[in-house]
Structure formats: C-alpha cells, structure tokens
Amino acid sequence: MRKGNTKQSQCKPFSIPEELTRIKMTRNTPLARPFLKWAGGKAQLLDAFTKRVPKDLTAGALPVFVEPFMGGGAVYFNFNSIFGFRECHIFDINEELVLVYNVVKRDVEGLIECLSDLSDAFLSRDDARRKEYYYAIRDTFNRRKRSINFAQYGEGWVERAAQFIFLNKTCFNGLYRVNSRGEFNVPFGRYKNPTILHEDLLRADSLALENTTIHLGDFTQSRPYISEETFVYFDPPYRPLNRTSSFTQYSKGGFNDAEQKRLAAFYAECDAKGAKLMLSNSDPKNIDPNDGFFDDLYKDYYIDRVPARRMINCDGAGRGKIHEIIVMNYDPRDR
C-alpha cells in the first residue's frame, strides 16, 4: 500500500504471544512442518519472515492466509501453527503435490499404513535390493499415472501419495523432476538409513490442514480468496543467480522474467484489494550489484535484504551466505 521509493527497513524482533507459546509447549505431537524434502525450502528464513509479519496479523485482523506457491509448505505450516487462521487457501500447479496434501488432510491414517508397508519393505533389504525396490516403485508410480484422476479425490490417491513420499525420501537429494512425458525420473539416492515414515509429523500436518483448502492451479487462481482480511505469502520459483543455479521448471516454459513480471502485476492487484503481502525471491545483487531487476519491479514497496545460505554454483565451493529479498506492501517497522 505504500507508494514511493523502495524502503530498506531494520525490523524489531517479533515475540510470539504468551498464550500461543503455552499452546505450543503443551502439545504432545510435534508442531506442523514440511513432511517432504523440497527444492527452495524456506525453513532457514522462518525467523526473518516472522519478524516482518504485519501488525494486523498479530492483532488478529487478518484471519485468512493465502499461499499461491505452496511447494514444501514451510511458511504455511509455521504461520498456521502460530497464528491459527480462520481459513487458509494454498495453491500449486504440481498435481502430484496437491494430491499428497489432500491425502494427508483427508486420510492420514490410511497414508501412514500404506507408507509403513513401503518403508518396511525397503529397509528390510540390503543396499543392492533397495536400489532395485526403488526403481520398481518408481516404475509403478509412472505407469499408473494415467489411471489417476487428479481433479477428483478417489481410489488410488492414498497409495499414490504414499509412493510419492517414499520416492521423495529415497531419491537423489529429494528432487522432484519429470521428463518430457511427465514421468518422474530422479535416480536412487543411496541413503544409508532414510526416515521414510514420520507418523507424528504426518498427524500434526493433517491437523494443521483442517482449516485449509488445497487448490490445483496457477497463482492467479488465488484471486477470489484475497481481500482486506487476507495475508498473502508469495514464494515463486526464484530468479536464478546464474545458469548453474537455475531451478525454474514451475511450468512448461519455466518461470522466466516474463513470469516474474506477471507475478509483480498480480502483486499490485492484490495490494489494491487491501491485502497484506509478503514475497521472497533471490537477490540479483549477489552476483551483479548493478542488477536492479527486483528493485525496479517492486519499487513502490518495502524491500528487505536478509542473509541466507544457498548453492549458487554447481560445486560445493559455491555454497555460502548470500542475501535474499523480502518484499512487503506494509512497513515492517510499524508495530
């Protein structure tokens, strides 16, 4: 809502209300958090995000949460656990991911039973037979895709969700990648003793999802759920810092600069509706101090730069502290 030059803020620490702290301390199950490994996960930035939430959220004036790019869900699970929204709407264009979230919400016990069978069968094998078992499950997962109706919850969803989680926990680096035929093609991960099933976490996540509607669709499909009562967090595929760090296969053509600009236009549309908005992305200035792509794109809003640890090259030497940006349409210092 603020117009003018880009703002750089220094945020005061955010304190979780005492009553929420007591609730968190007395729960017997773990707090909800991501049950999948997912590229670009935001767990390391949760404190930075929480320090910058709008005061309207802490005052209870924003009862609706919308996340148009769900991914692994670190921010959603964290914010929903802390603030207990009246309702949440999460979106993703990855049909497999949307299917899994729906199963966790609707039939977590059936999912646990099926995933337990997969885990036991895998862990009871030696290394060579584990690899063989992984590829057998991957082949089954790919062959049965045509029989799944991703638009309507039905028979086969629980088994498919269990296979998806199994592959995620045992494949190389927890990647999600498909070939031109839409087949999952990530190789075996060779983990010594992977934790495939985390029953308590899945149950905690299922409880968190009770107030949440899970949508399959492009980020613009969130439009009907955004109003002055809404807090929106955008976590788009990050603009690559260089060619080797690119991970933009959000859609068939990738999430290129044109898509980033389309998102910025949607951000402005949501701002005009009176919603409170937060967006994160890579900071091009890590590589080129003169690259003002996001500073120009979001010049009417507040931009903070926060430290993060990311892989910015293809080898280990490129892993280190860099900055990412947080864009807000409210002054994060206003508390």
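Buried means under 20% relative accessible area, exposed over 50%, and partly exposed in between, with a 1.4 Å probe and protein chains only. The views show a predicted model, where local features need pLDDT of at least 70, side-chain atom pairs count only at pLDDT 80 or more, and totals for chains, interfaces and linings use all residues. Residues are numbered from 1 along each chain as its sequence is written, and side-chain values use heavy atoms, without hydrogens and water.

**View A. D304 in strand β6.** D304 is found in β6 (residues 302-311); strands are DSSP runs of E, at least two residues, numbered from the N terminus. D304 has a relative accessible area of 1%, so D304 is buried. Its side chain makes a polar contact with the side chain of R52 at 2.8 Å (N or O atoms within 3.5 Å, one able to donate a hydrogen and the other to accept it; residues adjacent in sequence count only if both atoms are side-chain atoms).

**View B. Helix α6 and its cover.** Helices are DSSP runs of H or I, at least four residues. The 16 residues of α6 (residues 108-123) should span 22 Å at 1.5 Å a residue, and the end C-alpha atoms are 22 Å apart, which agrees. The expected span is 1.5 Å times one less than the number of residues. Buried residues of α6 include L111, L115 and F122. Their cover includes α5 (95-106), α7 (127-143), α8 (157-170) and α9 (199-208).

**View C. The crossing of α6 and α8.** The two axes, lines fitted to C-alpha atoms over the stretch in contact, come within 9 Å and cross at roughly 45°. Contact (heavy atoms within 4.5 Å) involves residues including G110 and C114 of α6 and A161 and I165 of α8.

Terms used: Axes are lines fitted to C-alpha atoms, for helices over the stretch in contact, and angles run from 0 to 180 degrees between N-to-C directions.
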